[in-house]
Amino acid sequence: MPTLAESKWLTRFLDETPGDSQIGGKSRQVPNACWSRVVPFCPPNPVLKLWSNDLANTLNLEKGDDLILGGGRVVGGMDTYAQRYGGHQFGNWAGQLGDGRAITLGELDVNDSVFELQLKGSGKTPYSRFADGKAVLRSSIREFLCSEAMHHLGIPTTRALSLVTTGEQIVRDVMYDGNPALEPGAVVCRVSPSFIRFGSFQIHSSTGDYSTLQSLVEHTVKNHFPEHSIGDDEGRISWLNTVAKQTAIMISHWMRVGFVHGVMNTDNMSIHGLTIDYGPYGWIEDYNPNWTPNTTDASTRRYRFGQQPQIGAWNLARLLESIVPLMDNPETLHEVLDTYGDTFDHHHNKMWAEKLGLNEFIEDDKELVRELNTLMQMCECDMTLFFRMLCSIDSPDIHELNDAFYDIDSIPTDEWNTWLGKWFKRTGEKPNRSLMRAANPKYVLRNWMAQLAIDAAEKGDFSVCEELQNLLTRPYDEQPEFDEKWFKKRPEWARTKIGCSMLSCSS
Ligand code: AMP
Ligand code: MG
């Protein structure tokens with residue numbers, strides 16, 4: 001297999017969209033551009049610590065190249081740049097954002113596919129604003145492990161090829177409370193068909209630069225949605241319907257496994273409907289739809305678990321607004337929001353049928369699901385354990401699922417057994433258990449699991465990271481040798497620990 005240096009690279013994005021005439025340079029506004037060429041920062045001591053064999057096989061890449069993957073070497077064929085985009089952050093238009101600490105190496109041409117390889121944490125770009133362009137080890141581990149775990153859960157996501165420690169110490173104030181400390185730096189090489197976001201289109205529309213907007217739309221559709229042609233409204237709508245469907249499907253998967261993105265700003269919404277920008281994300285443990293892992297969002301909980309489908313629609317509406325200037329009849333864009341809603345409902349129902357082992361979803365099942373949702377919130381109930389253990393329950397007796405509850409004495413036994421009786425009857429006492437096991441993962445990357453991996457890695461031991469990476473390549477399989485360690489409720493120590501129950505955007 002070839003190394004990165006021997007691989008074939010394309011520069012479609014740079015060739016087909018307008019860019020900045022200046023290379024690198026200080027933080028600034030870069031009007032009328034989709035990108036700025038930037039040279040990554042050369043770290044003092046790049047060491048490859050984590051690697052995805054699975055992704056490397058897809059990319060047909062030989063393991064290694066610590067220096068390139070750490071940003072210290074740009075080889076022939078690569079043309080490194082940062083993308084310019086804008087975004088709505090927490091509901092407010094934030095203007096120009098862009099890749100403040102992500103630098104694309106190039107577009108890797110592998111067999112019939114093309115993948116963008118991007119270094120996250122590789123130094124300043126014109127879009128870094130007041131920040132340093134770097135990333136710390138803890139957030140890099142979280143992105144590496146979670147994006148690979150999501151892929152193996154069957155959830156659309158960007159991926160991670162490698163994690164390189166840089167040998168640098170960088171300053172972060174984790175909880176933004178006036179306690180800055182030095183932390184090890186790292187660079188993750190992430191991989192996606194592209195890192196184009198909703199905000200990539202919004203920025204041009206917001207400044208009235210419709211010609212750059214048109215170039216970006218043409219580039220995106222030509223290379224990433226080639227089944228569509230955008231010569232007229234009908235074509236544009238049909239492309240956007242695909243974007244809407246892919247976004248809705250992604251979010252229905254999040255709801256299935258209890259994933260909370262945490263920062264669903266429009267700059268963090270991939271045009272491909274891929275989970276992107278792993279920051280203060282979290283996994284629901286106690287089933288609470290109001291939960292958000294992100295302390296920055298603690299007061300309004302805009303990005304709480306249960307609101308993600310609505311936020312997906314809100315974000316899509318912002319994308320549609322940005323396409324309005326290219327439309328002959330902008331009002332026809334409403335259809336795309338209907339597509340989003342219909343697709344989400346369809347997949348949501350299908351997901352519930354699968355989670356509950358029903359071979360099809362009928363209208364009456366909505367009530368069954370509603371009652372289950374209410375019950376699961378009556379006392380602390382672990383989402384992952386509950387659904388996984390439900391796959392093998394023998395009789396409608398809630399005490400078979402005791403291990404899924406944080407306080408057994410608080411379980412409303414009668415209500416639960418009534419519901420379980422209804423569910424059992426609905427399945428003809430034969431829930432489709434293999435369907436259930438394929439929809440209810442046994443292992444997910446709970447925050448405290450990631451934190452244990454981080455604590456060890458910060459002491460130089462990456463074995464916990466590797467163990468989790470390995471475990472999470474088969475999240476639906478029984479792996480009994482790991483049950484005592486990883487198939488269990490949140491330990492008490494993690495209830496209030498930073499990085500477990502609370503995460504800030506600091507990374
Ligand atoms: P996020 O909410 O993490 O997706 O980031 C929002 C914006 O802040 C993006 O434009 C990022 O590139 C930028 N950003 C975040 N962290 C840094 C950093 N350490 N240095 C430079 N830019 C950053
Ligand atoms: Mg982002």
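This is a predicted model: local features need pLDDT of at least 70, side-chain atom pairs count only at pLDDT 80 or more; totals for chains, interfaces and linings use all residues.
Reader: What are the ground rules on numbering and confidence?
Author: Residues are numbered from 1 along each chain as its sequence is written, and chains are lettered from A and ligands numbered from 1 in the order in which they are written.

Reader: Start with the metal. What coordinates the magnesium ion?
Author: The magnesium ion, ligand 2, is coordinated by Asn-268 through OD1 and by Asp-277 through OD, at 1.9 to 2.2 Å. Donors here are N, O and S atoms within 2.8 Å of the metal (3.2 Å for Na, K and Ca), and since water is not among the atoms, sites may look incomplete.

Reader: Is Asn-268 buried or exposed?
Author: Asn-268 is buried, because its relative accessibility is 9%. The cut-offs are under 20% relative accessible area for buried and over 50% for exposed, with partly exposed in between (1.4 Å probe, protein chains only).

Reader: And Asp-277, buried or exposed?
Author: Asp-277 has a relative accessible area of 15%, so this residue is buried.

Reader: Change of topic. How much space lies in the largest pocket?
Author: About 1,000 Å³. A pocket is an open set of points on a 1 Å grid over the protein atoms alone, with protein on both sides within 12 Å along at least five of seven lines; a cavity is a set of points where a 1.4 Å probe fits but cannot get out, and lining residues have an atom within 4 Å of a point. Grid points are joined across faces, edges and corners, and a volume is the space filled by probe spheres set on the points.

Reader: Which residues lie nearest the centre of that pocket?
Author: Arg-101, Arg-129, Ala-131, Cys-505 and Ser-507, out of 38 lining residues. Helix H4 (137-152) and strand S10 (181-192) are the elements that give two or more residues to this lining. The largest share, three residues, comes from H4. Helices (H or I, at least four residues) and strands (E, at least two) are DSSP runs, numbered from the N terminus.

Reader: What is the lining of the largest pocket by class?
Author: It has 14 nonpolar, 12 polar and 12 charged residues. Ala, Val, Leu, Ile, Met, Phe, Trp, Tyr, Cys and Pro count as nonpolar, Asp, Glu, Lys and Arg as charged, and the others, Gly among them, as polar.

Reader: How covered is H4?
Author: Mostly: 15 of the 16 residues in H4 are buried. The end C-alpha atoms of H4 are 23 Å apart, which agrees with the 22 Å that 16 residues should span at 1.5 Å a residue. The expected span is 1.5 Å times one less than the number of residues. Gly-154 follows H4 and has a positive phi, near 85°.

Reader: How many cavities of 30 Å³ or more are there?
Author: Two. The largest holds about 60 Å³ of space, and its lining includes Arg-12, Tyr-81, Glu-107 and His-224. Helix H1 (12-16), strand S4 (81-83) and helix H6 (210-224) each give two or more residues to that lining.

Reader: What about the second largest cavity?
Author: About 40 Å³ of space lies there. Among the residues that line this cavity are Arg-256, Lys-355, Phe-387 and Pro-441. H11 (383-390) and H7 (233-257) each supply at least two lining residues, and the largest share, three, comes from H11.

Reader: Now strands. What does S7 pair with?
Author: S7 (residues 102-110) runs antiparallel to S1 (residues 9-10), joined by two bridges, and pairs in the antiparallel sense with S8 (residues 113-120) over eight bridges. Pairing requires that DSSP finds at least two bridges between the strands. Trp-9 has Leu-108 of S7 as its bridge partner, while Ile-103 stands opposite Leu-119 in S8. Eight of the nine residues in S7 are buried.

Reader: Which residue takes a positive phi in the hairpin of S7 and S8?
Author: Asn-111, near 45°, in a hairpin with two residues between the strands. In the hairpin of S5 and S6, also with two residues between the strands, Phe-90 has a positive phi near 50°.

Note on methods
Side-chain values use heavy atoms; hydrogens and water are left out.
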